[in-house]
Amino acid sequence: MTEADFSDAFFSRLETLSLQLQSTLSGYFGGKHLIKKYGQTVEFADFREYTIGDDIRRIDWNLFARFEKYFLKLFTDERQMHVQFFLDCSASMDVYPGKAAYALGLAAALGFLAVRNTDKISFHLLKDGAVLDPFGMLVGKNSFFGAVGALKKISFEGEADFAACVPSVPSTGTNDGLSVIISDFLTENRWQKAVDYLLYKKRQVLLLQVLDPSEIAPGDSGRFDLIDAESRELGDPRNLRLKISRPMLDEYADEFRKWIEEIKHFCLSRGADFLSVNTATPIEKTIFRDLFRCDLIR
Amino acid sequence: MILRWLLPLGFLGMLGVIVLLALYLLKPQYKTQTVSGTLIWKRVLLRKKRQRPVLSHILVFLLQALLLIAVSLALAQPYLFSKGVLLEDSEYVIILDASASMRTRAAGEEGAVGDTRFDKALKKAEEEIDRLFAKGDGAVSLILADSAPHYLVNGAGRDRRSEIDSALRSAICSSGTADLEEALEMARGQLDANPYIKIFLYTDTKFGDMGSALTVVDLADESTEWNVAVLGCDVAVRDNEYEFGIRLGAYGNVAIARTMRMQIRGADNGDGPSNYELKIPVSFEVDPDSPVREALTTVKVRATDPKYGGEEGRFFDTFEEVRIEIPDLYDSIPDDDVYFVYGGVKDKIAVEYCSAEPNTFWQFGFSTLTKNLGGKRKISFREIYRDAGETAERTGYDFYLFEHAIPPEIVEAGLPQDGVLMIADPNYTAAQANLGFRVAETVTLPALTGCTASASHPLLRYNDPSAIGLTQYKRLEMTDPLFLPVLYCNGDPVIYVKDTGDVKIVVLAFSLNMSDFYQREFMIFLYNMLETFMPVTLDRYDYTVGERAQVNCKGVSMDITGRGTVTLTDFPAQYLFTEAGTYTFTTHFGSKKDDEVRKAYAHIVSDESAIFGESDFRIVLDNRELTGDAGRSLLFWFAVAAVLLLVLEWYIQFKDIV
């Protein structure tokens, strides 16, 4: 059970922000996201010459008076998006205090921004090798807050298998919104397959990596039996007996940096967004600075 | 069989087992820590595994290899010797004194008996070599110290024992001297290379202390050995009478009074040869308290002294042989009990002179030469008086001297074949005699003109060509290419020489009357001619063993008979006397002349007759001193190294397992 800051004050600070999704998405009718397709909104987009079959009500008569040619006035379209959250609820997310809450906080913040834009949201919880969808499709703040309240009570256990679980989610639409994967990605499972699947479904993908400072830079040297939180027994090959020396810690830092670079490179090559956050960083700073820099919110 | 431990202290190494046990029991404590994932750690380990294998494996391999080497070396029981310990008693240099005195045996009642000192030296050397090789590997060098010391074997090990034995068996004691100083210098060379060798000198010469490396084995035995020797004989003619100064020596514990016998054979005063025998009493008494143990005396004997059996008033001017001995001596060295004197027969040179216009220069020249040669040669000069009806002989002379004209009987009968033909100032008769040249013209010079020599020729060895002046000479036309011009005047050859061994012709193409040759250079020229064509066979007739004589030959070849026969054809030659005794030098003239026989006697060196000698030189041959800490067992240290390597290897393996 994790305690996350889902207070009113937390959400009220997000009121000034909005979620910025790709304009190439199609989404559903009736949202607030401007897309590249021309539609029926009042937002002017362009002119074009009249062709037979066009609605003559859109002819700009002022231009006709000036050029004696028929031009149509075009407007952008606004759509509703589906924002999916794939939340890593494996045991690894609950090893360090605050890590799970941080992950939930990010999910809630992004969810709130989506709901505020009248988007549909859904929370998919991945644990014990399965994916749970306890809340279904959420629209509107009431249902959102109800779900957020329930999220506080979820448990983190077992392991998350993104590659198997993400494609199995039935409500994943095509080209209709943002998929956010929140995890520490400290797993040997091929989570990249899940990303590829979502991109195949033409969804905008955001990977939020939540890491505890101890994971970024373990500070202690000495002899350790390292037990993987997701292992079921001591003899699990994921467990290690290590004599950690100072040089090894340096090598850990170097290897960690390479690992992050590999994830970044993977996401960049696929067109997905990636943000690695340290739980030591205040969540507001992550949202207002880091996500802002990602052009995901504004 | 009893099992014993050479180094029980080594059992302390078993404490290492306790240490090893402790290392295994005292396992390090590991803290359990739950982490969100070990992905990064696994990547770190993978990276380390990729980086480390080469170094780690090489290190482990090296340690394991070193461990095996250390164990192997420990099993081989290493022992560190200092160089001295290693080389001490490992190399012997054995010097065998091969001087004539080493032939000394014990004096018996009827002669020398038992082994010679040299035989004893060989046996003792063999025993010493046996002792060396019984200890293990070693090396032996054998130096035979005669007049020219040399190695019989050098640095021969046990594997070359047969070679050493063969060298010992074939070693021969000489009749000459031994250059022990040179032999010891050779040993010093070995000592420089290995300062721990032992040098054994088997000799009969007494040496003082000459260093720690040298062991002198004195083989002289004064209780059984003594020697009396005829050391030499000086021959002189006093008052037309031969006087023999006989030097005698006695050595060792001896006191004798004997009669020395002197036999003179072939004594001739012109009436024919006859023999004499003289008996001279001699006595010796060596002072046993004297450190020298030597008694020397010289007995002067006149050949005609009646008190020794000589015939007073019966002088002789030549003798064939004088034998000097002390009979029934039975001492330790019989070789020096007899002495022979030769040289009592003088070389005779017969010269025939025939001239169309005789002069006295030639006879005067040869007679002066006879006087100046100190009586070594006896020159008979016969002038042919043609006015008295005498005719020239073509045989029986050593020199045939024809001046101006070749005698017609010679032209008719042929040139002499058994001597040197000398033609002075030839005329037309030369062509008639088929000498190989003819007179082309007579050249008269405006003034006395000096001569030049093209190359040095023995005939002009001591002459100054420029001091030979001519006013007239004959230009010769040579048809025989074997004539060699040796002196030139006015650009023309004036003296020719033809020497083919069988035929020896000298041509003077000028008359003594038309030159100043006779004033000074003529005598030298005659001397050169005698030395070139009629050299004396030997300078003297007594030699010591080991001495070289210069041998000349008037004829074609020479046989030298001593302990064998040697034939010489190239002269002058050097002949080495290797044994004591009489040597016969027989000169062969081919079929033209009878052989000429000369004898010489080689006796052992007087110092070798002195059988109890002392060295007159000193060489210091010291070994390098050995230090007290000469050797140390390394078994313990190799075992320690093995244990340390084992622990280190275990540690690294353990670290890798982690």
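**Where the chains meet**

Guide: In this predicted model, 18 residues of chain B are in contact with 27 residues of chain A.

Visitor: Which elements give two or more residues to chain B's side of that?

Guide: Those elements are strand S1 (31–35) and helix H2 (39–51) of chain B, and H2(B) provides the largest share, 6 residues.

Visitor: And how do the residues on that side divide into nonpolar, polar and charged?

Guide: On the side of chain B that touches chain A, 8 residues are nonpolar, 7 are polar and 3 are charged.

Visitor: What does S1(B) pair with in chain A?

Guide: S1(B) is joined by 5 bridges to strand S9 (residues 222–228) of chain A, and the two strands run parallel. Within that pairing, Gln33(B) is the bridge partner of Leu226(A).

Visitor: What is the strand order in the sheet that holds S1(B)?

Guide: The order is S10(A)-S9(A)-S1(B), in an open sheet of 3 strands with mixed pairing. Strand S10 (240–244) of chain A and S1 of chain B are the edge strands, each pairing on one side only. On average, and with direction ignored, neighbouring strands of this sheet are turned by 35 degrees against each other.

Visitor: Parallel or antiparallel between S9(A) and S10(A)?

Guide: Antiparallel, over 5 bridges, and one of the paired positions sets Gly222(A) against its bridge partner Ile244(A) in S10(A).

Visitor: Which residues is Leu240(A) in contact with, sequence neighbours aside?

Guide: Once its neighbours within four places in sequence are left aside, Leu240(A) is in contact with Leu226(A) and also with Thr38(B) and Trp41(B) of chain B.

Visitor: Changing topic: which residues touch the most other members of the largest nonpolar core?

Guide: That core has 71 residues, and those touching the most other members are Leu87(A), Ala103(A), Ala107(A), Val180(A) and Ile182(A). The largest share of this core, 14 residues, comes from helix H3 (residues 99–116) of chain A.

Visitor: What surrounds Val180(A)?

Guide: Leaving aside neighbours within four places in sequence, Val180(A) is in contact with Val83(A), Gln84(A), Phe85(A) and Phe86(A), and also with Leu110(A), Leu206(A) and Leu208(A). Apart from this core lies another, of 59 residues, which includes Phe244(B), Phe340(B), Leu538(B) and Ile611(B).

Visitor: Why is S32(B) described as largely enclosed?

Guide: Strand S32 (residues 596–603) of chain B has 6 of its 8 residues buried, so S32(B) is largely enclosed by the rest of the structure.

Visitor: Which strands are joined to S32(B), and how do they run?

Guide: Strand S26 (residues 542–544) of chain B is joined to S32(B) by 3 bridges and runs parallel to it, with Tyr543(B) standing opposite Ala602(B). Strand S31 (residues 581–588) of chain B is joined to S32(B) by 7 bridges, and here the strands run antiparallel; in this pairing, Glu596(B) of S32(B) is the bridge partner of Thr587(B).

Visitor: Where does Glu547(B) lie?

Guide: Glu547(B) lies in the loop between S26 and strand S27 (548–551) of chain B. With 15 C-beta neighbours inside 10 Å, Glu547(B) counts as partly exposed. Glu547(B) and Thr578(B) are 31 residues apart in sequence, yet 8.0 Å apart in space from C-alpha to C-alpha.

Visitor: Last one: what scores does the model have?

Guide: The model scores ipTM 0.85 and pTM 0.55, while chain B averages a pLDDT of 86, with 94% of the residues scoring at least 70.

How values were computed
Residues numbered from 1 in each chain as written. Chains lettered and ligands numbered in written order. Predicted model: local features only at pLDDT ≥ 70, side-chain atom pairs only at ≥ 80, totals over all residues. Contact = placed C-beta atoms within 7 Å. Helix = DSSP H or I, 4+ residues; strand = E, 2+ residues; numbered from the N terminus. Nonpolar A, V, L, I, M, F, W, Y, C, P; charged D, E, K, R; others polar. Pairing = 2+ DSSP bridges. Buried ≥ 20, exposed ≤ 12 C-beta atoms within 10 Å, placed from the backbone. Core = buried A, V, L, I, M, F, W, Y, C linked by C-beta atoms within 7 Å. Axes fitted to C-alpha atoms, helices over the stretch in contact; angles between N-to-C directions. pLDDT = per-residue confidence, 0-100.
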